[in-house]
Amino acid sequence: MAASNVNVVVITGNLTRDPELRHLGSGTAVCKLRVAVNSRRKDGQSGEWVDKPNYFDVTVWGAQGENCANYLNKGRPVAVEGRLDWREWEDQGGNKRQSVEIIANTVQFLGSRDGSGGNANGGNGGGFAPPQSDVPADMSDFGGAPAPAGGGGSEDDIPF
């Protein structure tokens, strides 16, 4: 039995530039992001902790890419889950080039649009407030009247 390969990447960081959105001839949206992620290490000589920035190119497809272009901007914190994709090509000078990028499955917008990163309590940490999103929720799957509270079903119904 052959071992299966795992190609999963999860990063959190800040956008280094505004998203770049384009559309293919088919109309499919493609959004390019660049995310900076800091690694911390202890400097051997000074004993101080230092940050080393790492930069990752991220590609986001379809409606999620359009949302990224509409709601994200430079400096905004994001969490990205996806897979690594390696590609190779020849440049105009005939030199072989290669790159590794992240193909996003999900992009979660962190912080707030205004960059304050605060919570619903003004960022003072006074009490719990659920995270708020500035992306409109797609409620189309929940059409019709809301389900009655309290179950209201027969005894044979599953209680959850």
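Glu20 and Arg17 form a salt bridge (a side-chain nitrogen of Lys or Arg within 4 Å of a carboxyl oxygen of Asp or Glu), with their closest N and O atoms 3.5 Å apart. Keep in mind that this is a predicted model, where local features need pLDDT of at least 70, side-chain atom pairs count only at pLDDT 80 or more, and totals for chains, interfaces and linings use all residues. Residues are numbered from 1 along each chain as its sequence is written, and side-chain values use heavy atoms, leaving out hydrogens and water.

**Salt bridges**
- By that rule, the count is 6 salt bridges.
- Glu20 is partly exposed at 42% relative accessible area (buried is under 20%, exposed over 50%, partly exposed in between, with a 1.4 Å probe and protein chains only).
- Arg34 and Asp57 also pair up, at 2.5 Å from N to O.
- Arg34 sits in strand β3 and Asp57 in strand β4, so this pair ties together parts 23 residues apart in sequence (strands are DSSP runs of E, at least two residues, numbered from the N terminus).
- Glu101 meets Arg87 at 3.9 Å, N to O.
- Glu101 is buried, at 11%, while Arg87 is partly exposed, at 39%.

**Contacts of Val80**
- Leaving aside neighbours within four places in sequence, Val80 has contacts (heavy atoms within 4.5 Å) that include Val9, Ile11, Val58 and Val107.

**Confidence**
- Mean pLDDT (the predictor's confidence in each residue, from 0 to 100) is 82, and 70% of residues reach 70 or more.
- Over residues 118-131, pLDDT stays under 50.

Conventions:
Helix = DSSP H or I, 4+ residues; strand = E, 2+ residues; numbered from the N terminus.
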